[in-house]
Amino acid sequence: MTLRQMRFLSIVCAVLAPIGVARSQRPTPPRDAHQVERASGTGEIKEDVEGRDEWFWAQRTYPFSERPYEKMANLYSALRARPSLFAASSATAPLTGSWRPIGPNGLWVFLLETGRIAAIVPALKPGGPMYVGTASGGVWRSKDNGATWTPLTDHECMLTTGAMALDPVDPNIVFAATGEGNGGLNGCGVLRSGDGGNSWTTGSTGLRSTNGASGSFLSLVVDPATAGSVSSSILIGATRFSNAGIVRSVNSGASWTPVLNTGPASSIVAHPTKAGTYYAGNRAATSAAARGVYKSTDVGLTWTQLPAFPGIDANSIDRVEVAVSKAAPGSVWALVGDRSSGSFLGLFKFDEAANGWTQLASAGITTAVFGGQEAYDLVLAVDPIDPRRIYVAGVRAFRSLDGGATFQLMAPDVHVDWHVLVFDPNDPTVLWAGTDGGVYTSTDGGNSWSSRSAGLSITQFYPGVSVHPLGTRISGGSQDNGTHVFTGTPFWDAFLGGDGGYTAINYANPNVQWAETQWSVGGVVNLFRQDGVLTQQRRSSGISSSDRAQFIPPLVMDPVNPSKLYFGTFRLYQTVNEGLSWTALGGDLTAGSGAITSISVSPADTMTIYVGTSDGRALVSRDGGVTFTAATGLPARSVTRVTAHPTDPLRALITVSGFGSSHVFETTNAFASGVHDINGNLTDAPANVAIYMPSLGAIVAGTDVGVFQSVDNGITWTVGPTGMPNVIIYDLVYQPAIGLLVAGTYGRGMFAYDVGAQTATLRGDVNGDGKIDAADALLIQQALVGSLPSSTSIYPRGDANCNGSIDAADVVLVLRAAVGLPTTGACVGTSR
């Protein structure tokens, strides 16, 4: 070994000692989300439906008390009324290409799961089209019995679907009621298509609740006697209107009239043999006496309440699902949800001749397995050929073969949270089910089930998407489908379960990844690190589960030291040992009632940390979290994201939610003089994220109504890139090393945009003096240990191997180049 080489090795050892180099890991194997839960010893990670709903609306409502249902329902129509936002050119919109969907499209390694299904309409004739309505991914059609799917409503007024119906005379006439009654958004009306879903019109006249929104649907039927028309058919819908649970249309959905105003309704079914007779179950009726089942004999024009259920307290009744069977036309079945426990209160059978109910024993249905969220998932179906076969479902599903006397657990391997169960009209042994995991079918009356979710890209991603600098791994947390991981093939992998949250990928070793579930499930902070094949560990020691926190708390990795991460409750936590222990950096950073919504560590100076809160604060620390300075000039709105500039620690973008204010702001001096408004002509829509794309001179913002871009620092904005559905954008992540922009949507999975080549810089010349020497290596080392001078920008010059991040390997490469040793295969010393 030469003297020069010995000197080089001694320098390397001295430089790397305080940093640590990650050992190599075996790749993570495919894991089912529920398998992961059991393997990690966490038990089943439950949903928190109310917590999710409150989190969603709180950020859009603050500081007001009334939720902006109507404004959310009208977002898309308000956007289309702003033509300046669509006047894009190559000068005003450098992102001129198109987004490409990357999934998840239901293709997982061991299973097929994708997202929440609210409605299923099987084909009326064998080989005909079938349709599904999704929670916030729109309407999809399959022409091959669920083998493949096509989205139909990506650019309609809303993608949230609550109920669907197919015209029984003309199957080309399809109805889709927007607004989901199972905890989703309120709608913008009822969509009608006369050409099998290729084009749509919207009817919303009369669909206004007391708060002005167009409501949400849980059930929709077309009267057979008037069917076959796009202008004169009678439709009846069950909605969550507080002042009109049952609504009716006599002109094929163009306009609607309330016909039963006892409170929200849950389900509607037609009498199997008596034309014009319908039954409806309500939910959370305005008075205990009004709760139960109603009957109409004049095609839904007027309604009469059936006798009360025997043996139960009407005050305990919440949601009521009804069902009928052609094989027993004189009977009606009702599954009643318990408003106290959230489980089922009882299963009842009504005899028309006796005009009374009988409670069925329902032995075998346990509350622990059935679940306690009947307001979110409650399903009832009775076999049209054999009425002794009864199906009920909540979190899990059960089947009775003896008329409801006893039940057995059914479909234990199907994803939890059942929302719809229907029989195929061509074969009653075929059932179709919709759950939080997608579409499933059984061809043997429920004995066995298979997924039909392949091709359905409807996953609802939360904030916290992460992309490895080389694009080798993309991950994100989703609604009730845990954390999804994408490695470039059509198949996605799973990490954890429940509602996923923020994620992080170790840029030095992509086999190490982080994920979380919704906040403090059962008093436990579910923050996990996965390393290799089986080593998944909860790493939350030191984080108090009693803290105020967001439903999805922010988690971020330090941009130059992957062992250091930050986590936010109402205070900021830091770990410097990959989560083995966490320390709170000070006290409450909120205005006193909120929680941290965003954390951003400056890649140019890791001592600069930006924070946003749900009660309207944005703050910055220039000393690694010891002290914070609050921004001035922001509106009283929930701060959704604060994003540090990649090369200038003094600059950051701030986005806020809500309505009636600007939504995008910037600081150019770390809040020293407050923030300045860069909202420009942007539409009045909640903004969820904004990022810098310096190589294009652009800022890109993700909102509740799509993606917008600006090249003049927010003076003017245009929609784009093209190809994005009308969907909520919760996250945008840009990796300049590979020119990849990734968007996480709440209902249509993830999308990618290929930006292309970036502006060239001399790699390894960190201080920009035109040469590569030990001073450059020292600056990289200082960045890795958190002592880089705030005036120095480390990226991209310090990325000596062009892997998109700053790591220990860059130090080695710069030192090798400085002393003249080979750097074969690295980009150090080249302009890129």
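This is a predicted model: local features need pLDDT of at least 70, side-chain atom pairs count only at pLDDT 80 or more; totals for chains, interfaces and linings use all residues.
1. **Aromatic pairs overall.** The structure contains 23 aromatic pairs. A pair of aromatic rings is described by the distance of the centres and the angle of the planes.

2. **Trp55 and Phe551.** This aromatic pair is tilted. The ring centres are 6.2 Å apart, and the planes make an angle of 40°. Trp55 belongs to helix 3 (residues 49-61). Phe551 sits in the loop between strand 37 (535-538) and strand 38 (555-557). The pair therefore ties together parts that are 496 residues apart in sequence.

3. **Burial of that pair.** Trp55 has a relative accessible area of 7%, so Trp55 is buried. Phe551 has a relative accessible area of 8%, so Phe551 is buried as well. The cut-off used for buried is under 20%.

4. **Tyr462 and Tyr746.** The ring centres of Tyr462 and Tyr746 are 6.0 Å apart. Their planes stand at 35°, so this pair is tilted. Tyr462 is in the loop between strand 29 (450-451) and strand 30 (466-467). Tyr746 is in the loop between strand 55 (740-745) and strand 56 (750-754). Parts that are 284 residues apart in sequence are therefore tied together by this pair.

5. **Burial of the tyrosines.** Tyr462 is buried, at a relative accessible area of 0%. Tyr746 is buried too, at 9%.

6. **One cluster.** Both pairs belong to one aromatic cluster. Its members are Trp55, Phe56, Trp57, Tyr69, Tyr462, Phe551, Tyr730 and Tyr746.

7. **Charges over rings.** Phe56, a member of the cluster, has the charged end of Arg60 over its ring. The distance from the ring centre is 3.8 Å. Another arginine, Arg80, lies over the face of Phe86. Here the distance to the ring centre is 4.3 Å.

8. **Strands 10 and 11.** Strand 10 pairs with strand 11 (residues 235-239) in the antiparallel sense, over 5 bridges.

Key. Residues are numbered from 1 along each chain as its sequence is written. Side-chain values use heavy atoms; hydrogens and water are left out. Rings of Phe, Tyr and Trp (its six-membered ring) pair if their centres lie within 6.5 Å; planes under 30 degrees apart count as stacked, over 60 as edge-to-face and the rest as tilted. Helices (H or I, at least four residues) and strands (E, at least two) are DSSP runs, numbered from the N terminus. Buried means under 20% relative accessible area, exposed over 50%, partly exposed in between (1.4 Å probe, protein chains only). A charge sits over a ring if NZ of Lys or CZ of Arg is within 6 Å of the ring centre and within 35 degrees of the ring normal. Two strands pair if DSSP finds at least two bridges between them.
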